[in-house]
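Hi,

Here is the structure I promised to pass on. Have a look at it first, and then read on for my notes.

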Amino acid sequence: MKKFLAKSYLYLLLLVLYAPIAIIILFSFTNSKTIGDWRGFSLDLYANLLSGQAAHSATITQAVLNTLIIAVIAATLSMFLGSIAAVGIFNIRNRKVRKAIQFANNIPMINPDIITGISLFLLFVSLGISGGYVTVVLAHVAFCTPYVVLSVMPRLTRMNPNIYEAALDLGATPFQAFRKVIIPEIKPGMVSGFILSFTLSIDDFAVTLFTKGSDGLETLSTYIYADARKGGLTPELRCLAAIIFLTVLILLLVINRRSSRLNKEQ
Amino acid sequence: MNLAKLVQKRSNWVAPYVLFLVMFVVLPLLLIAVYAFRNPAGNFTLQNFVKFFTQSEALNTFIYSIGIAIITTVLCILLGYPAAYILANAKLNRSKTMVMMFILPMWINVLMRSLATVALFDFLHLPLGEGALIFGLVYDFLPFMIYPIYNTIQKIEGSYIEAARDLGATNTQVFTHVIWPLSIPGIVSGIMMVFLPTISTFAISEILTLNNKRLFGSIIQDNMMMSDTMNYGAALSLIMLIIIAINSAVSGDDGNINEGGLI
């Protein structure tokens, strides 16, 4: 009985949590201007979106493309910067210095994104750099890298520290030793960090809004925001929401399976 | 050649990231403070803070946001704690997928989730406004409350509970004397992840109330977007930053929150 009540409570909450998403997906399969107005099953909206027939199709496609390009570049940069930093932090003997760097690393994770966005906006304004691809990518690297550092650190703790020294003794340069010894050991952490950064970057709205400048660069989030502000959402965006939801679902399943597999390995 | 020596020492590898952190994290935060104490002409002034405390709009919105944030946080605890407890209790739930289902919405864009809430209200023919705002915020932030509580309850040693039982504690007593006190750190990080972001949200409130009710984040954004009120916007951001600092100090949380806990 107790178990039944407990389960019912969980299912009820899940129902509420997923109802809005389910409604969006449901109404992506009907050709109506507003949600709630069911006009029979149709794939028209998907066809419009994919064939470029939708009202702002070109802008939407460009926004999706921008989102992906920015995410790939930012996640790649974060992965390298964060992994090298993690090796450095791991080898710092001075506890105070180490604590200080770890504290700074935590700042972007504690700050609400509006603060991160505004602070970077002020930086770029002060330096006289106008917003665009470069500023958005730099901003994304700033809030993604801490997560890479956090996902690489545990791998370093588990690594045998003598292997790197051995490689150096055998005549490897630090760069060779890094590539041939350290990278294979921390690779799973790097990949998790990359996927995490990629997801965070795609998901970001506030930081992008403040750093994208006024030259018309739009990512999916900022485009949706502008669109929703104009009143009502372009119907085709419902399809996009459905596609994104499924993509995130698949990405998460991959991350989760990876992490449970890595846990089992130990 | 000197460079080769520097690279040899692995602790030096942190250097590029330290430079990056100084340039893109520390310096920008300091700039918020610099701008906050300046007028548009670039001279030192306290006028921005005077304006905040004397002009009713920002102050009222600030107080209203704190009120909404408290309601949202309390509702998230009331709804989220039982869920986290059930999820972490091996007798009631063994499914990892179930846990995953609760974490998943955290990773969907916050705008998308808000628009989904609007869709739900439209679908049920309910009016948008304050009710929708609170529903939407709880809906947006509930997973962020459930996850840390779930994590702490799950880590409670089974032997503590057994010991309490052996000493004659009833189920209720086990909960009030063992599980509840040990789960408080989880509630504290949950509050951190719900309360502050609620105050500082801007797009969500506009979408869910058709721009009728605004939260502090909207005021900051409005001022930030115009060059003649940018300094005032910076002052409002600084006030937000001070609240964050107090919050982190009080909760003793060093921010080591692994969002989503999926890595």
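How much accessible surface does chain B have, and what share of it belongs to carbon and sulfur atoms? The total comes to about 11,800 Å², and carbon and sulfur account for 67% of that. Before you go further, please keep in mind that this is a predicted model, so every value here is computed from predicted coordinates.

Let me stay with chain B for a moment. Of the 263 residues in chain B, 52% are buried. I also looked at contacts within chain B between residues at least 6 apart in sequence: 70% of these join residues at least 24 apart.

Now for the interface. On the chain B side, 76 residues are in contact with 91 residues of chain A. As you know, interface size is often quoted as the accessible area lost when the parts come together. Here the area buried between chain B and chain A is about 7,800 Å², with 79% of it from carbon and sulfur atoms.

As for polar features, 7 residue pairs are in polar contact across the interface of chain B and chain A, counting pairs with both residues at pLDDT 80 or more. The rule also finds 1 salt bridge between these chains. That bridge links the side chains of Glu165(A) and Arg10(B), at 2.9 Å from N to O. If you want to know which element of chain B contributes the largest share of the side touching chain A, go to helix α2 (residues 15-36), which supplies 14 residues.

Over on chain A, there is a nonpolar surface patch to look at. Leu65(A), Ile69(A), Ile73(A), Leu77(A), Tyr133(A) and Val134(A) make it up, and its area is about 520 Å². Two helices of chain A, α3 (57-90) and α6 (133-158), each supply at least two of the patch residues. The largest share comes from α3(A), with 4 residues.

One of the patch residues is Ile69(A), which is found in helix α3 of chain A. Is Ile69(A) buried, partly exposed or exposed? Its relative accessible area is 35%, so Ile69(A) counts as partly exposed. Patch members need over 30%, and Ile69(A) at 35% is over that cut-off.

That's what I have.

Cheers

Notes: Residues numbered from 1 in each chain as written. Chains lettered and ligands numbered in written order. Heavy atoms only, no water. Patch = residues over 30% accessible without salt bridge, like charges linked within 9 Å, V, L, I, M, F, W, Y side chains within 5 Å. Areas by Shrake-Rupley, 256 points an atom, 1.4 Å probe, with all protein chains shown as cover. Salt bridge = Lys/Arg side-chain N within 4 Å of Asp/Glu carboxyl O. Buried < 20%, exposed > 50% of the residue type's maximum accessible area, 1.4 Å probe, protein only. Contact = heavy atoms within 4.5 Å. Buried area = accessible area lost by both parts, 1.4 Å probe. Polar contact = N/O pair within 3.5 Å; in protein donor to acceptor, adjacent residues only side chain to side chain.
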